[in-house]
Amino acid sequence: MAEHGHRGGARTPLDSIGARSRFPRTVTRTLRTLLVIALSTLVVLGDAGTADAHRNDESYLYLDVGDAALNGRVEMPYPDLRDVFGLEIVGTDEEVRAEIEANLDQLQRYAADNSAIGAQGVAWPMEFDGFDLLFEGPVDENGLGYVILPFTTELPGPEVPQVMEVTFTPFLAEIDDRNNITLVSNDWRRGVFEEETNELLVHTSSSPSGTIDLGDSSQWKNFRASIDLGVDHIRTGPDHIFFILALLLPAVLILVSMAWKPSPSFAYSLLRIVLVATMFTIAHSITFTLAGLDYLPLPPSKLTESVIALSIALAALHNLRPVLGHREWLIAFVFGLFHGMGFAGLVEELDISRTTQLVSLLGRNVGIEIAQLIVIAVTFPLLYILRRTRIYLPLFYGLSVLLAVLSSVWIVERVFEVDVGINRLVDATLEWPRALWVMAAVTLVAAAYYEIERRAGRLLPVGERGAEATIEDVVDEDVPDEEPVVV
């Protein structure tokens with residue numbers, strides 16, 4: 001059975017590719033290649049996240065190394081603060097914050113007296129300002145957590161020295177057998193971002209000081225590490241994944257007489273996806289770059305995240321009521337601008353030079369595109385294989401409704417700043433790398449199911465209109481004048 005019948009007239013590239021056989025070998029090889037590439041790339045990039053380094057019996061000194069600035073934070077555990085300072089640190093988040101605020105001057109002086117960073121025997125002035133809490137929430141009398149004390153240093157020259165001397169002694173004299181840790185949390189030109197586990201110095205009562213050699217810096221290290229961050233942002237950002245999924249679902253279908261039908265060919269579906277992905281890329285690259293370079297002021301994150309959730313809902317609802325016809329690319333572009341603002345939060349308020357910032361922006365943008373292509377490569381084969389089976393349309397409508405409901409809950413959570421617990425369910429569903437292997441297994445099952453349906457003669461006919469379709473049809477599709485079919 002051919003993918004679609006030819007109705008006469010000049011043959012087009014879409015026609016010739018899509019009508020060769022019941023399931024062209026070229027299409028099969030392409031789908032298999034897409035899936036293998038996606039699986040291989042995701043395995044390689046799968047360790048982008050970092051584990052939590054906190055043990056609650058150590059204090060930590062984190063350093064943020066810029067091109068011409070050295071900032072950081074001291075983190076001290078609740079149990080040590082109770083033992084040494086007699087603090088209670090019990091109750092709600094507001095009560096804990098009030099107690100820390102009342103004792104902040106004492107805590108900052110203690111941190112300053114027990115921390116020293118410098119070079120060649122000279123310590124640089126450190127200034128502590130404000131505080132924050134790690135592991136917020138209600139705390140009982142034995143509750144765990146950390147008080148975070150940010151600081152800045154006054155460097156003697158225009159650059160951060162490669163070799164630094166560090167002394168870090170909180171609670172080493174007061175509590176026996178205690179260790180403290182110094183880490184570099186961020187060092188853009190050496191490719192270090194949000195590091196939580198790479199211990200550079202271990203401080204003990206017998207060895208309270210040590211020397212850190214940051215190593216050689218290069219923009220290539222910055223670029224390469226920024227790519228990993230871009231990939232990880234998509235991998236750990238279900239809202240971006242779900243927006244792409246909502247736009248992918250109709251790409252293997254076509255509107256015929258106001259009803260969804262299977263797409264006429266592999267090439268037609270691929271063109272739809274390429275157009276959507278290109279518009280999304282252009283849009284988010286515009287706002288991501290402008291905001292990252294401080295040319296575009298970012299709206300409050302609450303607004304940006306709410307609009308991102310809204311974009312998923314509208315894309316999903318458009319699948320049920322496609323008032324724009326095949327213009328999903330328009331949705332991708334308009335809301336891609338807001339997704340770019342969400343990505344820009346990655347590089348907000350960086351204390352680095354414009355060159356380092358540009359390299360980081362480029363690397364993160366490349367990483368985002370790689371992750372986006374991986375999502376497409378993992379998802380598209382499954383959708384294309386199922387499109388002519390009897391289960392795809394019910395699956396299409398069901399997933400669209402589910403995405404609309406899920407994103408609506410996100411909108412409520414983000415607008416009213418409440419947590420109904422849906423994120424835990426989503427995170428468990430997309431847990432890495434389990435979700436990857438589930439998708440691979442489901443794709444194999446779908447291929448087997450397709451073959452069973454084909455042999456039984458139960459495959460649905462494709463939409464005939466696509467037999468003469470070109471990319472212009474995808475872009476210039478007339479907006480429907482009739483009510484679309486809605487389940």
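Which helix gives the most to the lining of the second largest cavity? I found that H8 gives the most there, with four residues. The model is predicted, with local features needing pLDDT of at least 70 and side-chain atom pairs pLDDT 80 or more, while totals for chains, interfaces and linings use all residues. Residues are numbered from 1 along each chain as its sequence is written, and side-chain values use heavy atoms, without hydrogens and water.

I took a cavity as a set of points on a 1 Å grid over the protein atoms alone where a 1.4 Å probe fits but cannot get out, with lining residues having an atom within 4 Å of a point. I counted two cavities of 30 Å³ or more, a volume being the space filled by probe spheres set on points joined across faces, edges and corners.

For the largest cavity I noted a volume of about 70 Å³ and a lining made up of Ile-244, Leu-247, Leu-248, Ile-273, Val-276, Ala-277, Phe-280, Gln-372 and Ile-376. Two or more of these residues come from each of helix H7 (238-248), helix H8 (266-292) and helix H11 (354-386), helices being DSSP runs of H or I with at least four residues, numbered from the N terminus. H8 gives the most here, with four residues.

The second largest cavity has a volume of about 50 Å³ and is lined by 10 residues, of which Arg-272, Ile-273, Val-276, His-326 and Glu-328 lie nearest its centre. I recorded that H8 and helix H10 (328-344) each supply at least two residues of this lining.

Technical notes. 1 Å grid on protein atoms, 1.4 Å probe; cavity = no way out; pocket = protein on both sides within 12 Å on 5 of 7 lines; lining within 4 Å.
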